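Below is a brief report on one model.

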Amino acid sequence: MNSFGNKFKFTSFGESHGKGLGCIVDGVPAGITIDESFIQEEMDRRKPGQNIYATSRKEADKVEFLSGVFEGKTTGTPIAMVIFNENQKSRDYTNVKDLFRPGHADFTYFEKYGIRDYRGGGRSSARETSARVAAGAIAKLLLKELNIEVLSGICEIDGIKSSNTNFNFAKTSEIYALDENKEEFQKEAIIKAKKEHNSVGGVAFVKVKNAPVGLGEPIYQRLDAQIASAMMGINAVKAVEIGDGIEASSKKGDENNDQMRAEGFKTNHSGGILGGISTGADIDVKVYFKPTPSIFIKQETIDINKNEVDCELKGRHDPCVAIRGSIVAESMLALVIADMVLLNMSSKIENIKKVYN
């Protein structure tokens, strides 16, 4: 499946080394101002080739609109966007065209489809996430109309955890670090792994501010379930936590419950979600990325004929995929919230009457 969402829905297309990538976003209400400079800024946050902590592949990631926008406003019809690839180096992969790269989806895609697109992983490449960021930018423009904000940053690299959370600092950091006191240590860990031809994992922290009460469609479209689905669909993500996450399993009930006063919740262990529905508190999500599987160390593997061989990769790869992955996680959370906002409009008859009376 290549589509995500119910009312606010997007479908992505394209491959890492194909002519381009893109998406179609459907369900966008008419009349939203499309700020193309904002959308490009979002793309620039994710795009490769910006510094030594990311792949050296150079892509402009320029978004071109094909439909759904007229005179700077959404028309209510599907918005089609395309991002053309400009810097493919498919020859970097010819030495592994018949091999299954350890840690990659080469083996499972081949077993499922019987086709081996060796050029950077084809459809399974993280390059596809550029389309998700483009769609997420549209979702953010919708949420902006409601004063809902989605923020992200890196809270852990190679086991080096942040002690503080500063989203404003993350916006200025080359690795989107949330803690200025840990940024240099995290950078050093990335560079060390890069020099050793290896990679490191990391954790992104994503927050929704000013989310209204009532988002989420129990029982099978719960807000937390949809968030988990969105995050687990991102390349290299191996775990998702909402609120206190796994820490909640080691607490007593009186430690984990968010007690209430007239002004609101005293704590937010639940991460802003109870019973699959938003509480009005901040929605807090942690997304765990594995180390980038593309490393330049000799590894054992098999080829498409089940022969045991050695794999030695070439090319350009992120030493820590979590950095750019945090922007994708932020975009996916925006898409989930936008979808839930539209779904929630029909939860009460008085909402419907406001439109039709």
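## Arg46 and its surroundings

Setting aside neighbours within four places in sequence, Arg46 contacts Asp61, Ala126, Arg127, Thr129, Ser130, Val133, Arg324, Ile327 and Val328. The model is predicted. One of these contacts is polar: the side chains of Arg46 and Thr129 are joined at 3.1 Å.

Arg46 sits in helix α1, which spans residues 36-46. Its relative accessibility is 3%, so Arg46 counts as buried; the cut-off for buried is under 20%. An unreviewed UniProt entry carries the annotation "binding site" for Arg46. Such annotations may be inferred rather than shown by experiment.

## The cavity

There is one cavity of 30 Å³ or more. The largest cavity holds about 30 Å³ of space. Its lining consists of Glu36, Ile39, Gln40, Lys62, Val63 and Phe65.

Helix α1 gives the most to this lining, with three residues. Both α1 and β4 (63-67) supply at least two residues each. By class, the lining of the largest cavity has three nonpolar, one polar and two charged residues.

## The second largest pocket

The second largest pocket has about 620 Å³ of space. Several elements give two or more residues to its lining: α1, α3 (129-144), β8 (149-157), α4 (167-172) and α8 (322-344).

The lining divides into 12 nonpolar, six polar and 11 charged residues.

## Backbone features

Most peptide bonds are trans, and most residues other than glycine have a negative phi. Which residues does a cis peptide bond join here? They are Pro218 and Ile219, with omega about 10°. Ile219 is found in the loop between β10 (202-209) and α6 (223-232).

Asn210 also belongs to the loop between β10 and α6. Its phi is positive, near 70°. Asn210 has a relative accessible area of 43%, so it is partly exposed. Lys306 has a positive phi near 70° as well. This residue lies in the loop between β17 (299-302) and β18 (308-311). Lys306 is partly exposed because its relative accessible area is 49%; exposed would need over 50%.

Terms used
Residues are numbered from 1 along each chain as its sequence is written. This is a predicted model: local features need pLDDT of at least 70, side-chain atom pairs count only at pLDDT 80 or more; totals for chains, interfaces and linings use all residues. Side-chain values use heavy atoms; hydrogens and water are left out. Helices (H or I, at least four residues) and strands (E, at least two) are DSSP runs, numbered from the N terminus. Buried means under 20% relative accessible area, exposed over 50%, partly exposed in between (1.4 Å probe, protein chains only). Contact means heavy atoms within 4.5 Å. A polar contact is a pair of N or O atoms within 3.5 Å; within protein, one must be able to donate a hydrogen and the other to accept it, and residues adjacent in sequence count only if both atoms are side-chain atoms. On a 1 Å grid over the protein atoms alone, a cavity is a set of points where a 1.4 Å probe fits but cannot get out, and a pocket is an open set with protein on both sides within 12 Å along at least five of seven lines; lining residues have an atom within 4 Å of a point. Grid points are joined across faces, edges and corners, and a volume is the space filled by probe spheres set on the points. Ala, Val, Leu, Ile, Met, Phe, Trp, Tyr, Cys and Pro count as nonpolar, Asp, Glu, Lys and Arg as charged, and the others, Gly among them, as polar.
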